[in-house]
Amino acid sequence: MKIVVTGSTGLVGVSLVKRLVAEGHTVRALCFDDGRALDGLDVERVRGDVRDPASLRRAFAGQEALVHLAAVILIDDGPTDVMRAVNVDGVRHAAEAALAEGLQRMVHLSSVHAYRTWRLGRPLTEDMPQCDGPPSPPYDCSKAAGEAALRAVIARGLDATILNPVGVLGPDDHLPSHLGGMLQKMHRGVIPLVPRGAFPWVDVRDVADAAVAALTRGRTGENYLLASEPFTLAEFDAGVRAHSGRRWRAREFDVRHLGPALWVAAGLRRLGVRSGFTKDAFRAVTAELEVDSSKARRELGFAPRPVAASLRDALDWFAANGKLGRRRA
């Protein structure tokens with residue numbers, strides 16, 4: 001199958017492209033900027049921007065399917081115009097270009113954050129409410145609005161399905177991702193404190209497998225939640241300690257005591273100093289969210305591996321590629 005992939009140089013993109021190439025598909029990778037993460041892979045690279053519909057029409061011409069991964073993730077209170085342009089308008093542009101070019105199938109990688117995820121009291125399923133404004137964070141609302149934009153094109157005849165992964169980790173984390181960057185800092189010993197609470201995670205390779213399955217098995221207009229198991233940041237720290245040989249452990253704290261520190265961090269962001277130290281970021285990783293992935297298991301053959309194994313593989317990949325840095329005493 002001839003498959004075009006947007007967001008091809010991100011964490012999920014590289015794993016997906018590797019999987020597609022290994023299965024014998026012909027892959028066209030849409031690259032917005034640096035495409036070095038795809039070095040060594042037998043793919044056609046094309047320049048494009050999801051904010052530019054004409055570039056998408058050119059990139060999608062002659063293709064049979066699209067996997068749309070391009071997204072902007074913001075966990076602070078920075079400008080949301082670019083996030084909306086990519087996560088909402090970009091999804092609509094990609095869907096309309098896929099329909100215009102006659103592609104047979106589109107798989108859209110959204111996020112669990114398209115749903116209302118805070119303190120649900122029961123496992124999240126695909127039929128539960130999605131975000132529609134405050135108090136949900138802007139990023140969460142942008143993912144839900146992107147899905148709504150896609151559904152409008154599905155109603156006009158596009159055959160598309162939607163995947164909603166939780167936090168993603170694993171090897172081939174070139175950029176790195178938000179979690180990958182935190183793991184690097186943990187390995188260097190510069191994170192003495194972590195918030196108490198858990199969030200579900202999933203291996204990037206399992207997400208890639210689900211995307212490949214969705215190309216032929218996903219039902220039109222349906223959502224599929226992709227999750228392995230909840231994991232605390234303290235458990236991540238323990239895994240990093242075992243990998244690095246560091247003896248001291250990061251201490252857990254209660255996020256309810258962060259009020260003054262968050263106020264200071266917000267003031268620093270207004271001065272251009274960004275750290276990811278925000279209410280939305282801490283709320284995400286301490287949400288105590290449970291996710292029911294039985295639909296993806298049943299229809300896509302989704303079989304996620306344990307988070308601890310994904311963590312070891314991510315750290316091994318960072319080490320093998322010289323991306324862990326020097327550990328502090």
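# Report on a predicted protein model

Of the 329 residues of the protein, 54% count as buried, where buried means under 20% relative accessible area, exposed means over 50%, and partly exposed lies in between (1.4 Å probe, protein chains only). The structure is a predicted model, in which local features need pLDDT of at least 70 and side-chain atom pairs count only at pLDDT 80 or more, while totals for chains, interfaces and linings use all residues. Residues are numbered from 1 along each chain as its sequence is written, and side-chain values use heavy atoms, with hydrogens and water left out.

## Overall composition

The protein contains 11 helices and 12 strands; these are DSSP runs numbered from the N terminus, helices (H or I) having at least four residues and strands (E) at least two. Among contacts (heavy atoms within 4.5 Å) between residues at least 6 apart in sequence, 77% join residues at least 24 apart.

## The sheet and its helices

An open sheet is formed by 7 strands in the order S3-S2-S1-S4-S5-S6-S10, with parallel pairing; two strands pair if DSSP finds at least two bridges between them. At the edges stand strand S3 (44-47) and strand S10 (223-226), each of which pairs on one side only. From one strand to the next, the twist averages 20 degrees.

Within this sheet, strand S1 (residues 2-6) and strand S4 (residues 65-68) pair in the parallel sense over 4 bridges. Val 4 has Leu 66 as its bridge partner in S4. Two helices that pack on the sheet are listed below. For the angles, axes are lines fitted to C-alpha atoms, for helices over the stretch in contact, and values run from 0 to 180 degrees between N-to-C directions.

| Helix | Strands touched | Angle between directions |
|---|---|---|
| H1 (residues 11-22) | S1, S2 (26-31), S4, S5 (105-109) | about 170 degrees with S1 |
| H6 | S1, S4, S5, S6 (160-165), S10 | about 150 degrees with S5 |

## The nonpolar cores

A nonpolar core is a set of buried Ala, Val, Leu, Ile, Met, Phe, Trp, Tyr and Cys residues joined through side-chain atoms within 4.5 Å. In soluble globular proteins, nonpolar side chains tend to be buried together. The largest core here has 67 residues, of which Val 5, Leu 16, Leu 163 and Phe 236 touch the most other members. Its largest share, 9 residues, comes from H6. Leaving aside residues up to four places away in sequence, Leu 16 touches Val 5, Val 67, Leu 69, Ala 208, Ala 211 and Val 212. A second, separate core of 23 residues includes Val 4, Val 91, Ala 95 and Leu 150.

## Helix H11

The 14 residues of helix H11 (residues 307-320) should span 20 Å at 1.5 Å a residue, and the end C-alpha atoms are 20 Å apart, which agrees; the expected span is 1.5 Å times one less than the number of residues. Its buried residues are Val 307, Ala 309, Ser 310, Leu 311, Ala 314, Leu 315, Trp 317 and Phe 318. Among the elements that cover them are helix H5 (178-188), helix H6 (204-217) and helix H7 (233-244). H11 is followed by Gly 322, whose phi is positive, near 65 degrees.

## Two individual residues

Ala 61 is found in the loop between helix H2 (53-60) and S4. This residue counts as partly exposed because its relative accessibility is 31%. Not counting residues up to four places away in sequence, Ala 61 touches Arg 28 and Glu 101.

Asp 140 lies in helix H4 (residues 138-154) and is buried, with a relative accessible area of 8%. With residues up to four places away in sequence not counted, Asp 140 touches His 113, Ala 114 and Cys 131.
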